[in-house]
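Open the model in your viewer and keep the selection panel at hand. The stops below say what to select and what is there.

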Amino acid sequence: MSSLKNVNTEYDTSFRSTKYIHPGELIDQVIDHLHDDPPSLRACCITCRAWVPSARFHIFHDIVLSAEHADALAVLLETSPHISPLVRSLTINGHLDKMHKGLDYYLEAVIPAIAPKLTRLKTLRVERVTLAKQHPKVLSALIHNFSTLQELHISVVLFNRFRDLAALIVAHPFLECLDLGAILWNFKSVTAESHVFQEYPALHSRLRCIKWHSISLSVIDWLSAYYHVLPVHTVTQISYISIHELPQMARLLQLIGSSLEHVAFSISQRSPEKPKMDVLSSNTGLRTLTFNSILLSLEYPRTYAWLPVLLSQVTSHYIEEISFGLNWYQVKLIETVDLKLVQDIITKPVFSGLKRVIFQWYGGVDPVEGSQAIRAQMDQLNRMGLLVFRHE
């Protein structure tokens, strides 16, 4: 009997010693791969108690707040305060403005209630909402909370006044990325609010990236009016601007100066007119240069005279990549851009560090025929092995 007991004891001890437990670091890596799979993350939460923190980190990292789920989120943050610090990205989406109690309740009641609880928010996106007179509490909540905010994205938003937009931007001391698109305000001219410049005279030195599209150039005027230095390394302008609007763009780029590393243009003007101002010569640290949305059309033969002019203004010896985004439907349309002149410019010594020249196009042009047409005009770059072609 005693021998049987000893055998059982030895068996139990041996079993316990060979039991395998996965390291926590390995479990975290596995769960990290599920960051964009909410059903699997929820399954992890009910599989093992030790997995809950890692799974929750991803579940609540990015929150999209709409009228459909606003009440549920407010209740969750109120009853489970340990969830609030996990929320690092919040999107306020107003496109479901007819759901449940409507947009007014969704904005005025829920957002001011949850904003103070999100003490570790890094990214805020405000999309398709009105922050005019009827929602003063919402604007106040966005301005006076989120002290840790690093990225601010505002798209399709109506403000009451330009100064409200300015106040929202400068309210966040750690802002690094500013993305503005399709923003309107009731006062059509900033000139009517010239005191705004004195009232909000300083952006923060942490700002590194500026993106905008379909936005009034008044924002650029505001940025350029009182800031002597902006240490921005990326400027992405993804909407159409005309040649006549380039002076505002030039002032902003001159303000940024040598810290600028990446810039993208989308210029709508298709005319023989050439830019008369210096746009790029002060950006001596530039590394990549992109020209988006170049629409090739028989109606505008050889009308992209501004393109070689801007390229000839480059003074940075650090340029590694130049990219052209073409929208064309016939191979012969490539003749509307003087690619031989472009080649003559970007084979000069200032571009000696160039590693690739990318042509990316949209439309019905066959990839093989399109690349052959470009190679025929840029034979020197082709021999140097710098041409890269992408078709979507």
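Select Phe-265, Phe-291, Trp-306, Phe-324, Trp-328, Phe-359, Trp-361 and Phe-389: together they form one aromatic cluster. This is a predicted model, in which local features need pLDDT of at least 70, side-chain atom pairs count only at pLDDT 80 or more, and totals for chains, interfaces and linings use all residues. Residues are numbered from 1 along each chain as its sequence is written, and side-chain values use heavy atoms, with hydrogens and water left out.

Rings of Phe, Tyr and Trp (its six-membered ring) pair if their centres lie within 6.5 Å; planes under 30 degrees apart are stacked, over 60 edge-to-face, and the rest tilted. The count by this rule is seven aromatic pairs.

Now keep Phe-265 and Phe-291, a stacked pair with 5.9 Å centre to centre and 15° between the planes. Phe-265 belongs to strand β8 (residues 262-265) and Phe-291 to strand β9 (residues 288-295), so the pair ties together parts 26 residues apart in sequence. Strands (E, at least two residues) and helices (H or I, at least four) are DSSP runs, numbered from the N terminus.

With Phe-291 it makes a tilted pair, 6.1 Å centre to centre and 45° between the planes. Both Phe-291 and Trp-306 are buried (under 20% relative accessible area; exposed is over 50%, partly exposed in between; 1.4 Å probe, protein chains only).

Which cysteine sulfur is closest to that of Cys-209? Select Cys-177: its sulfur is 3.7 Å away, too far for a bond. A disulfide needs two cysteine sulfur atoms within 2.5 Å, and the structure holds zero disulfides.
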